[in-house]
Amino acid sequence: MDDKTYNQIFLKPRFQLDFEMNSEVLLQEMKSHLHDASAYKMKMVDNHIIIDVPDKETHFWSPQLSIEVEEISEKTSKIKGLFGPKPQVWTFFMFLHFAVATAFLIFGVMAYSNWSLDKNSLLPIVMLVALPIVWVILYFVGSLGKSTGQKQMDELKSFTKTLLKKNSLVFITETF
């Protein structure tokens with residue numbers, strides 16, 4: 001897992017690792033080592049593993065690592081990882097983006113209607129300028145949140161590396 005992932009523009013960095021091991025065996029190996037690390041909260045459902053930071057260190061911007069194990073062939077498998085905020089935070093931000101987009105469309109229709117009826121359209125035009133600024137602010141707030149959780153994301157990354165090394169696994173390829 002390369003550090004260049006964190007320097008990208010993406011708010012939810014991803015990675016992929018290919019292994020020379022059957023996905024069932026890989027899942028069993030990972031499951032056996034999940035209980036060794038009591039510091040992290042971990043949940044495993046089918047071929048998905050979710051790793052959270054400890055409760056005492058959790059804050060609003062705390063990241064979460066979601067891992068999915070896929071079978072490529074009988075002897076190879078792939079791990080797909082996704083660093084991101086907790087689902088509640090991500091849903092809240094998506095709701096805000098949806099609300100801004102809906103308001104932009106409504107004010108766009110209002111501006112066009114007022115313009116075609118030769119009425120005053122100052123408020124809709126002001127909102128059509130202000131709402132894209134709000135979008136940019138939301139993006140920077142999300143980036144600020146990502147940088148606030150950067151230390152915890154690095155800790156999750158090193159924990160995942162340690163977990164995979166315990167399994168004596170050899171990476172075939174590593175993609176970000």
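**Entry 1: the ground rules**

Two strands pair if DSSP finds at least two bridges between them. I take helices as DSSP runs of H or I with at least four residues, and strands as E runs with at least two, all numbered from the N terminus. The model is predicted, so I note that local features need pLDDT of at least 70 and side-chain atom pairs count only at pLDDT 80 or more, while totals for chains, interfaces and linings use all residues. Residues are numbered from 1 along each chain as its sequence is written, and side-chain values use heavy atoms, with hydrogens and water left out.

**Entry 2: overall layout**

I counted elements before anything else. The protein has four helices and six strands. I then read their order along the sequence: β-α-β-β-β-β-α-α-α-β.

Next I looked up burial (buried is under 20% relative accessible area, exposed is over 50%, partly exposed is in between; 1.4 Å probe, protein chains only). Of the 176 residues in the protein, 34% are buried.

I also looked up the accessible surface (Shrake-Rupley method, 1.4 Å probe; for residues, only the protein chains shown count as cover). The total for the protein is about 10,700 Å². Carbon and sulfur atoms hold 63% of that surface.

Then I turned to contacts (heavy atoms within 4.5 Å).

**Entry 3: strand pairing**

I followed the pairing from β3 onward. Strand β3 covers residues 48–52. Its pairing with β4 is antiparallel and runs over five bridges. Within it, I50 has S66 of β4 as its bridge partner.

V69 has I79 of β5.

β5 also pairs with β1, which covers residues 14–19. That pairing is antiparallel over six bridges. Here Q16 stands opposite K80 of β5.

I stopped at D52, which lies in strand β3. Is D52 buried or exposed? D52 counts as buried because its relative accessibility is 4%. I listed what D52 touches beyond its neighbours within four places in sequence: Y40, K41, K43, Q64 and K86.

K86 got a second look. The D52 and K86 side chains make a polar contact of 3.2 Å (N or O atoms within 3.5 Å; within protein, one must be able to donate a hydrogen and the other to accept it, and residues adjacent in sequence count only if both atoms are side-chain atoms). The two also form a salt bridge, with the closest N and O atoms 3.2 Å apart. This pair links distant parts of the chain, 34 residues apart: D52 is in β3, and K86 is in the loop between β5 (77–85) and α2 (87–116). Both residues are buried.

**Entry 4: salt bridges**

I applied the rule for salt bridges (a side-chain nitrogen of Lys or Arg within 4 Å of a carboxyl oxygen of Asp or Glu). The count comes to four.

K41 forms a salt bridge with D55, and their closest N and O atoms are 3.0 Å apart. K41 lies in β2 (41–45) and D55 in the loop between β3 and β4 (63–71), so the pair ties together parts 14 residues apart in sequence. K41 is partly exposed at 37% relative accessible area. D55 counts as exposed at 55%.

K151 meets E155 in a salt bridge at 3.8 Å, N to O. Both sit in helix α4 (residues 150–166), four residues apart, so about one helical turn separates them. K151 is exposed at 60%, whereas E155 is partly exposed at 24%.

**Entry 5: a nonpolar patch**

Last, I looked for surface patches (residues with over 30% relative accessible area and no salt bridge; like charges joined within 9 Å, nonpolar side chains of Val, Leu, Ile, Met, Phe, Trp or Tyr within 5 Å). I125, V129, I133, I137 and V141 make a nonpolar patch of about 420 Å². I checked V141, which lies in helix α3 (residues 122–148). V141 counts as partly exposed because its relative accessibility is 31%.
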